Amino acid sequence: MILLDLQPPCTVSDVKQAFRARVRKAHPDHGADQATFIALHEAYEEGLEYAQATASRMDWLSDQVEKYIQRLEATDRF
């Protein structure tokens with residue numbers, strides 16, 4: 001996340017955008033060393049794993065929040 005300059009929570013799209021923005025400068029074809037590129041690519045893969053894992057949790061959490069709000073609204077009516 002540090003190499004991609006991302007902070008949680010982030011989405012798969014955020015990770016891809018951050019990687020694309022940095023890979024142009026870190027690619028060996030553009031004068032960067034191979035170790036930097038490999039480290040950036042590993043950060044990209046780890047970032048994708050994190051974003052995919054948290055996406056399902058975020059969906060579940062948002063579903064729970066909506067149910068909670070509906071319950072509050074129902075109890076406020078009485």
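**Exercise 1. Find which residues Tyr44 is in contact with, leaving aside its neighbours within four places in sequence.**

Solution. Start with the cut-off: contact means heavy atoms within 4.5 Å. With the neighbours within four places set aside, the partners of Tyr44 are Leu4, Val15, Lys16 and Phe19. Keep in mind that you're looking at a predicted model, where local features need pLDDT of at least 70, side-chain atom pairs count only at pLDDT 80 or more, and totals for chains, interfaces and linings use all residues. Residues are numbered from 1 along each chain as its sequence is written, and side-chain values use heavy atoms, with hydrogens and water left out.

**Exercise 2. Work out which residues of the largest nonpolar core touch the most other members.**

Solution. First, the term: a nonpolar core is a set of buried Ala, Val, Leu, Ile, Met, Phe, Trp, Tyr and Cys residues joined through side-chain atoms within 4.5 Å. Buried means under 20% relative accessible area, exposed over 50%, and partly exposed in between (1.4 Å probe, protein chains only). Now look at the model: the largest core has 13 residues, and Leu4, Leu6, Val15, Phe19, Leu40 and Tyr44 touch the most other members. Helices α1 and α2 each supply at least two residues of this core. As background, nonpolar side chains tend to be buried together in soluble globular proteins.

**Exercise 3. Describe how the axes of α1 and α2 cross, and what residues meet there.**

Solution. Helix α1 covers residues 12–26 and helix α2 covers residues 34–77. Step two is the geometry: their axes come within 9 Å and cross at roughly 175 degrees. Axes here are lines fitted to C-alpha atoms over the stretch in contact, with angles from 0 to 180 degrees between N-to-C directions. Angles over 145 degrees count as roughly antiparallel, so α1 and α2 are roughly antiparallel to each other. Step three is the residues: those in α1 include Val15, Phe19 and Val23, and those they meet in α2 include Leu40, Tyr44 and Leu48. The residues of this contact divide into 10 nonpolar, four polar and two charged.

**Exercise 4. Is Thr54 buried or exposed, and what does its side chain reach?**

Solution. Find Thr54 in helix α2. Its relative accessible area is 12%, so Thr54 is buried. Next, follow the side chain of Thr54 to the backbone oxygen of Ala51, at 3.3 Å.

**Exercise 5. Look at the segment before α1 and say what stands out at Asp5 and Pro9.**

Solution. Asp5 has a positive phi of about 60 degrees although it is not a glycine. With a relative accessible area of 58%, Asp5 is exposed. Move on to Pro9: a cis peptide bond joins Pro8 and Pro9, with omega about -5 degrees.

Methods. Helix = DSSP H or I, 4+ residues; strand = E, 2+ residues; numbered from the N terminus. Parallel < 35°, antiparallel > 145°, perpendicular 65-115°, else oblique. Nonpolar A, V, L, I, M, F, W, Y, C, P; charged D, E, K, R; others polar. Polar contact = N/O pair within 3.5 Å; in protein donor to acceptor, adjacent residues only side chain to side chain.
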